[in-house]
Amino acid sequence: MSYDGVTLHHILQELKSTLTTGRITKIYQLNNYDLLFFIYAQNNKHQLFFSASPNYARMHLTTMPQERPQNPPNFCMFLRKHLEGGLIEQITQNENDRVAIIDVRKRDELGDIVTKKIIYEATGRHSNLIITDEHFKILEAIKHVMPFEDAARTVYPGAIYQFPKTDQINPFTLTYKEDFFEDPNNFTNKNVRQTFMGFSPLVAKEIIYLFEERNLSMKEAIKHVTTSYNPSIIKGKKDIFYAFDLEHIKGTRETFPTMNQCVDRFYYKRDQINQLKQQSKDVIKFIDHKIEKLNDKIDKLSTDLSKTSNLEDIRKKGELIIANLHLIKKGDNSLTCHDYYEDKEVTIQLDETKTPVQNSERYFKKYKKRKASIPHLNKQIKLAKKERSYFENLQHQIAHATSKDVEEIKEELIHYKYMKASKSKKKMKTKPNYEKFITKDGVEILVGKNNLQNDYITNKLAKYNEVWFHVQNAPGSHVLVRKAFPLSENTIRTAAMLASYFSSLRDSSSVPVDYCEARYIKKIKGKMNSNVIYSNQKTIYIDPEESFVIELRKQK
């Protein structure tokens, strides 16, 4: 994993200089595992993010927008009572382990000054956020570990907190005189991880790479790891981040001025995807199942349609039976005769329980039935493909959605009677939850991320001379610039960037984006999607950039 003791070391070094003496002004619990602390320090507002998620455990400063729930859970209420208004006295790390301690000083109900400790453990599936008093007596934790669970430590109110036990060496206080360096047999990936505290498999591989490929001594390789600092995200087969460039991993590099910014950027998209999966798994499952059923339906209909390709052969067999009645006796199961259509001998299967005339009628009936089914089959295939396209578009929209966007998609499915409404379901608000952006020129841009939002923006809000953007010939968001021509180059490029990013072509390059005045847009009647046709458009080609959209979101 990337978030190891070395990463936490650099995170905390930055937090010490940024948050020490800062005041905790507000605390939010975003979901079961994630918390957001608002801290006012050095005349600036900061957001400190904690996650005890089994998959994405970490703590760091964040500037990314977060959806904050209105009703705080009990644990959040406890944190607000004991920590809000408190001053951060110091921030420390337990050796080089993935354990951070934040001391918070505030007055209790009696007016006495007390110190509470926030102990954060970024230990994978055992990650936790624990609140203790100054003597390490546990007051509360986001995850309880009871004595009867056969765990190495117990974590529950009233118990004394114990740091995870280890006899590993802290590489940041290493004297380089340890016995480890005297035996070359120790210089393996496994031994490096077992000997040094806070080294993940990722950094252990880098140390071995520096030792074997770069010919650094083991002391020099470990010193390189503890002294190098260049926070980077490496995009390759699997994206990773670290406090410095890992030479043994191939991929493109993106560097950041601080470790906090690097971690914040890396996890932003993953958090969105993870939260979306949790909050909308029923809708996602329904749409996936519907697409699967429609694919099966189209396959079966196509198979039935393919059976109509031999229509003339069926009719011909009926006519050949009529022409050769004198050769057939009752009880025959086949007829061998001359095919005067193709001038060759053919054998035709007969039903031995039927008369020769009844056999010919059987082929003629089969011919008429299959011929009559062709228009019906073509119509059903067309409708099924249209319906599949609708659900595939919803599937794309969910990939770029927030939880509020997904709720609107669910409302749409209920409206079209695909899903049943919950009895306790509130009536949907009349104004969809579209997203707003502001360009550097101060121009407002609206982005729809589902059919309801797209339809509302394009057909309700747009004025006749405002400028509308959409990717060319692909599913995507309707983007509306709330200004008439002429537009500055910056506004055009910003709107085109948003249209390309919130589309199925997000991962492509040189994406064509059409734009025109709203007066030239016409809704297609009978379409389930927010499909439109337009004219008098211009086209701009642009490369979608996630970093550009993230920065634009921050400015809102």
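## Pockets, a cavity and a helix pair

The second largest pocket has 31 residues in its lining, and Arg 98, Thr 123, His 126, Arg 153 and Pro 164 are the ones nearest its centre. Keep in mind that this is a predicted model.

**Second largest pocket**
- There's about 780 Å³ of space in this pocket.

**Largest cavity**
- The structure has 1 cavity of 30 Å³ or more, and the largest cavity has a volume of about 60 Å³.
- Asn 393, His 396, Gln 397, His 400, Gly 448, Lys 449, Asn 450, Asn 454, Gly 476, Ser 477 and Phe 502 make up the lining of the largest cavity.
- By class, that lining counts 9 polar residues, with 1 nonpolar and 1 charged.
- H8 supplies the largest share of the lining, at 3 residues.

**H8 against H9**
- H8 spans residues 356–399 and H9 spans residues 403–415; their axes come within 10 Å and cross at roughly 160 degrees.
- Angles over 145 degrees count as roughly antiparallel, so H8 and H9 are roughly antiparallel to each other.
- The crossing of the two helices is left-handed.
- On the H8 side, the contact uses Tyr 390, Phe 391, Leu 394, Gln 397 and Ile 398, while H9 brings Ile 409, Glu 412 and Leu 413.
- Sorted by class, the residues of this contact come out as 6 nonpolar, 1 polar and 1 charged.

Note on methods: Residues are numbered from 1 along each chain as its sequence is written. This is a predicted model: local features need pLDDT of at least 70, side-chain atom pairs count only at pLDDT 80 or more; totals for chains, interfaces and linings use all residues. Side-chain values use heavy atoms; hydrogens and water are left out. Axes are lines fitted to C-alpha atoms, for helices over the stretch in contact, and angles run from 0 to 180 degrees between N-to-C directions. Helices (H or I, at least four residues) and strands (E, at least two) are DSSP runs, numbered from the N terminus. Angles under 35 degrees count as roughly parallel, over 145 as roughly antiparallel, 65 to 115 as roughly perpendicular and the rest as oblique. A crossing is left-handed if the near helix is turned anticlockwise from the far one by less than a right angle, and right-handed if clockwise. Contact means heavy atoms within 4.5 Å. Ala, Val, Leu, Ile, Met, Phe, Trp, Tyr, Cys and Pro count as nonpolar, Asp, Glu, Lys and Arg as charged, and the others, Gly among them, as polar. On a 1 Å grid over the protein atoms alone, a cavity is a set of points where a 1.4 Å probe fits but cannot get out, and a pocket is an open set with protein on both sides within 12 Å along at least five of seven lines; lining residues have an atom within 4 Å of a point. Grid points are joined across faces, edges and corners, and a volume is the space filled by probe spheres set on the points.
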